[in-house]
Amino acid sequence: MEMLHILIMVITSFVSIFPLYLLAGNTSPGEYLRVHNDARAIVGTEPLIWDDKLEEYAQAFVHYHRIGCLDEVSLADPPHGYGQNIGRIPKDHAALYAVRYWVALEEKYDYKNNTCIDGRHRDDDCLVYVQIVTKGTTHLGCASTTCHNDKDKLVTCYYNPHGMVPNERPY
């Protein structure tokens, strides 16, 4: 009988906590990996592995930039030569919204010519997609936070090694 009470308490605790996790909009490492690895599977590159150190870098980045929410972000090279994708989305969207947007930029990538279709190389063009699917990239760490303006969410992912190799196809 006592075992039944313990089991009921554990189930009740889980049921009480689980909805709070969903309401908070937290995105688990597994969810980030799933969206990235689904895109990689389409082009035949190996799945990424979650990296806690990259997640720490991502958390530090979004924490540092949450006040300005990318208004004055320096897009200099990420630490240690890692690759990085950055996005700002409405705060009521899950962080995966940004990742799915990056994946959707595949339509702007011309594999045959290994260039972006519009010929531009900006942070909002196909290069964020290329970063996701690059065959040499093996590890991923992401984080998000609500910005101080209470309207937006900042999302970033770090990739190791980076995927932007000039004149080399990503897959």
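Guide: The conversation below takes up the terms applied to this structure and the values behind them.

Guide: This is a predicted model, in which local features need pLDDT of at least 70 and side-chain atom pairs count only at pLDDT 80 or more, while totals for chains, interfaces and linings use all residues. Residues are numbered from 1 along each chain as its sequence is written, and side-chain values use heavy atoms, with hydrogens and water left out.

Visitor: What pLDDT does the protein average?

Guide: The average is 82, and 78% of the residues score at least 70. The term pLDDT stands for the predictor's confidence in each residue, on a scale from 0 to 100.

Visitor: Where does pLDDT stay under 50?

Guide: It does so over residues 1-24, for which the model has five contacts beyond four places in sequence; a contact means heavy atoms within 4.5 Å. Where pLDDT is low, the predicted coordinates should not be read in detail.

Visitor: How many helices and strands are there in the protein?

Guide: There are five helices and six strands. From the N terminus on, they run α-α-β-α-β-α-β-β-α-β-β. Helices (H or I, at least four residues) and strands (E, at least two) are DSSP runs, numbered from the N terminus.

Visitor: What makes Cys69 and Cys147 a disulfide?

Guide: A disulfide is a pair of cysteine sulfur atoms within 2.5 Å. The S to S distance of Cys69 and Cys147 is 1.9 Å, so the pair meets the definition. With 55° about the S-S bond, the link of Cys69 and Cys147 is right-handed. This pair links distant parts of the chain, 78 residues apart: Cys69 is in the loop between α3 (52-65) and β2 (83-90), and Cys147 is in the loop between β5 (139-146) and β6 (152-160).

Visitor: Why is Cys69 called buried?

Guide: Buried means under 20% relative accessible area, exposed means over 50%, and partly exposed lies in between (1.4 Å probe, protein chains only). Cys69 has a relative accessible area of 1%, and is therefore buried. Cys147, at 3%, also counts as buried. Of the 171 residues of the protein, 36% count as buried.

Visitor: Why is the disulfide of Cys116 and Cys126 called left-handed?

Guide: The torsion about its S-S bond is about -85°, so the disulfide is left-handed. Cys116 lies in strand β4 and Cys126 in the loop between β4 and α5, so the pair ties together parts that are ten residues apart in sequence. The S to S distance of Cys116 and Cys126 is 2.0 Å. Cys116 counts as buried at 2% relative accessibility, and Cys126 counts as buried at 0%.

Visitor: What pattern do the disulfides of the protein follow?

Guide: The count comes to three disulfides. Their pattern is 1-5, 2-3, 4-6, with bonded cysteines counted along the chain.

Visitor: Why is Asp150 called partly exposed?

Guide: Its relative accessibility is 47%, so Asp150 counts as partly exposed. Asp150 is found in the loop between β5 and β6. Phi of Asp150 is near 60°, a positive value in a residue other than glycine.

Visitor: Is Asn114 buried, partly exposed or exposed?

Guide: Asn114, at 21% relative accessibility, counts as partly exposed. Asn114 lies in the loop between β3 (109-110) and β4. Although Asn114 is not a glycine, it has a positive phi of about 50°.

Visitor: Which peptide bond is cis, with omega near -15°?

Guide: That description belongs to the peptide bond from Asn160 to Pro161. Pro161 is found in the segment after β6.
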